[in-house]
Amino acid sequence: MLEESEIRQRFLDFEARFGRGGVIDLYYAPGRVNLIGDHTDYNGGYVLPIAVEQGTYLMIRASELSPARLYSENVMLDARIFPADLTPAEDWADYVRGVYFYAREFCRDLPPFDALFFGDLPLEAGLSSSASIEVATALGLESLGCKLAREDVVKVALKSENDFVGMPCGVMDQFSVTYAKAGHALFLNSGSLEYRQVPYTLQECALVVGNTGVRRNLLETDYRRRRSECEEALDLLSKKLGPRKNLAEVTINEFERARYSLPPLLEKRAEHVIYENVRVEEAARCLEAGDSATLGHLMNRSHESLRDLFEVSCQELDALQEVSIDQQGVLGARMTGAGWGGCVIVLIKKDMVERYLRRVPGLYWQSTHYDAEFVVTSPGGGARKL
Ligand code: ADP
Ligand code: MG
């Protein structure tokens with residue numbers, strides 16, 4: 001989070017840019033990182049994200065003048081939103097436009113506005129700055145006379161990302177950014193959207209998010225292929241075991257009985273999802289019990305499974321994970337997010353973080369010739385008006 005003095009300065013910046021007068025409100029939405037549970041969400045399974053302590057700030061003021069005027073300090077660009085012509089412009093402001101567009105299903109006659117975005121969340125670093133800017137915007141609509149319920153904030157933000165921007169992600173990002181609670185991880189059933197706040201009791205541990213520097217380049221075709229492989233595996237397992245709604249519903253015992261009915265590739269995909277789902281449940285229990293050693297172990301197993309069974313890792317993710325688990329004080333590390341690039345999350349003793357940050361960038365560069373960037377974090381609070 002930013003210091004008070006930095007935020008005060010932004011009020012002056014806002015007035016310098018957009019003029020004085022009127023009520024200026026301030027909203028905040030964090031980024032997120034998933035501790036464990038990847039590629040479980042579209043299989044109706046569990047995920048365990050936390051909000052990071054870095055986020056997006058939105059200063060907003062209703063206006064009478066169309067178009068709406070926007071500026072983002074993060075990308076140093078302005079943009080316009082024409083309420084009468086809400087089509088994607090293929091720029092950064094589409095995340096905002098999409099929210100404004102879908103919010104009209106809840107509130108007619110949204111007025112134009114002036115908005116300044118800023119903050120300390122890195123963009124395109126796998127910490128979901130996209131969900132963060134969407135959710136901040138959806139909350140900020142309150143200042144335009146449109147107060148959305150929390151579940152509608154999630155809906156509008158997700159629709160903006162899926163249907164306006166065109167990124168086919170699951171619900172985890174928007175949900176966790178909206179519902180996160182400081183000092184807790186969010187244990188979420190992606191199928192039913194039931195959730196539980198799990199206290200983060202590992203006071204001696206920090207979380208380091210290391211960005212491999214490989215642009216995730218979410219090879220949409222690969223992502224879609226994994227989804228359809230999971231559907232095929234579910235069909236075959238349902239024939240053997242009786243109808244199941246999703247892969248996460250299949251227990252380990254059932255899977256072990258039926259796995260030989262699957263072709264080898266689908267067997268690997270299903271094995272990842274079914275075992276990963278159980279690991280997420282165990283990880284939530286470890287968090288509550290303060291068992292960092294077992295949690296670290298589960299994170300390592302999760303990485304191996306994503307690498308060898310689900311095959312969504314890449315050389316750079318593997319290199320950063322391997323260098324990380326070799327370091328003193330590291331309890332576990334895994335790729336986090338969809339894969340094919342992006343970030344590794346590392347569970348590490350707090351007093352070893354400095355040493356880690358001194359050693360790992362060089363070691364990683366030696367093996368990949370990429371520069372990694374690191375953010376140290378712990379479970380922060382969810383989206384809110386400040
Ligand atoms: P991630 O969500 O992992 O950070 P994405 O590629 O999904 O990466 O979303 C990043 C994009 O979201 C940026 O390239 C930019 O277009 C937009 N964005 C997010 N936050 C901001 C912001 N504060 N200001 C302007 N654009 C932003
Ligand atoms: Mg994103």
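Predicted model: local features only at pLDDT ≥ 70, side-chain atom pairs only at ≥ 80, totals over all residues.

Biologist: What makes arginine 32 buried or exposed?

Modeller: Its relative accessible area is 8%. Buried means under 20%, so arginine 32 counts as buried.

Biologist: And how do you know which side chain arginine 32 makes a polar contact with?

Modeller: The partner is the side chain of aspartate 173, at 2.7 Å. A polar contact needs a pair of N or O atoms within 3.5 Å, and 2.7 Å meets that limit.

Biologist: Glutamine 54 is in strand β3. Why is glutamine 54 called buried?

Modeller: The same cut-off applies: buried means under 20% relative accessible area. Glutamine 54 has 13% relative accessibility, so it counts as buried.

Biologist: Why are β1 and β3 said to pair?

Modeller: Two strands pair if there are at least two bridges between them. Strand β1 (residues 25-34) and strand β3 (residues 49-62) are joined by nine bridges and run antiparallel, so they pair. One of the bridges links proline 30 to glycine 55 in β3.

Biologist: What makes β4 a partner of β5 and of β6?

Modeller: The requirement of at least two bridges again. Five bridges join β4 to strand β5 (residues 77-81), and these two run antiparallel; leucine 70, for instance, has alanine 79 in β5 as its bridge partner. Four bridges join β4 to strand β6 (residues 113-119), this time in parallel, with tyrosine 71 partnered by leucine 116 in β6.

Biologist: What lies between β4 and β5?

Modeller: Four residues, and the two strands form a hairpin. Methionine 76, in the turn, has a positive phi of about 55°.

Biologist: What makes β4 mostly covered?

Modeller: Strand β4 covers residues 68-72, and four of its five residues are buried.

Biologist: Which strands form the open sheet, and why are β5 and β13 said to stand at its edges?

Modeller: The order is β5-β4-β6-β3-β1-β13, with mixed pairing. β5 and β13 (384-385) each have a single partner strand, so one side of each is left without a neighbour in the sheet.

Biologist: Now for ligand 1. How do you know that serine 72 makes a polar contact with it?

Modeller: An N or O atom in the side chain of serine 72 is 2.7 Å from a nitrogen atom of ligand 1, and the limit is 3.5 Å, so the pair qualifies. The side chain of glutamate 124 has an N or O atom 2.6 Å from an oxygen atom of the ligand, and a polar side-chain atom of serine 129 lies 2.7 Å from an oxygen atom of the ligand.

Biologist: How much of ligand 1 does the protein bury?

Modeller: Taken alone, ligand 1 exposes 560 Å², and the protein buries 90% of that.

Biologist: What makes up the shell around ligand 1?

Modeller: By class, seven nonpolar, six polar and three charged residues. Helix α3 (residues 129-140) gives the largest share, three residues.

Terms used: Residues numbered from 1 in each chain as written. Chains lettered and ligands numbered in written order. Heavy atoms only, no water. Polar contact = N/O pair within 3.5 Å; in protein donor to acceptor, adjacent residues only side chain to side chain. Areas by Shrake-Rupley, 256 points an atom, 1.4 Å probe, with all protein chains shown as cover. Nonpolar A, V, L, I, M, F, W, Y, C, P; charged D, E, K, R; others polar. Buried < 20%, exposed > 50% of the residue type's maximum accessible area, 1.4 Å probe, protein only.
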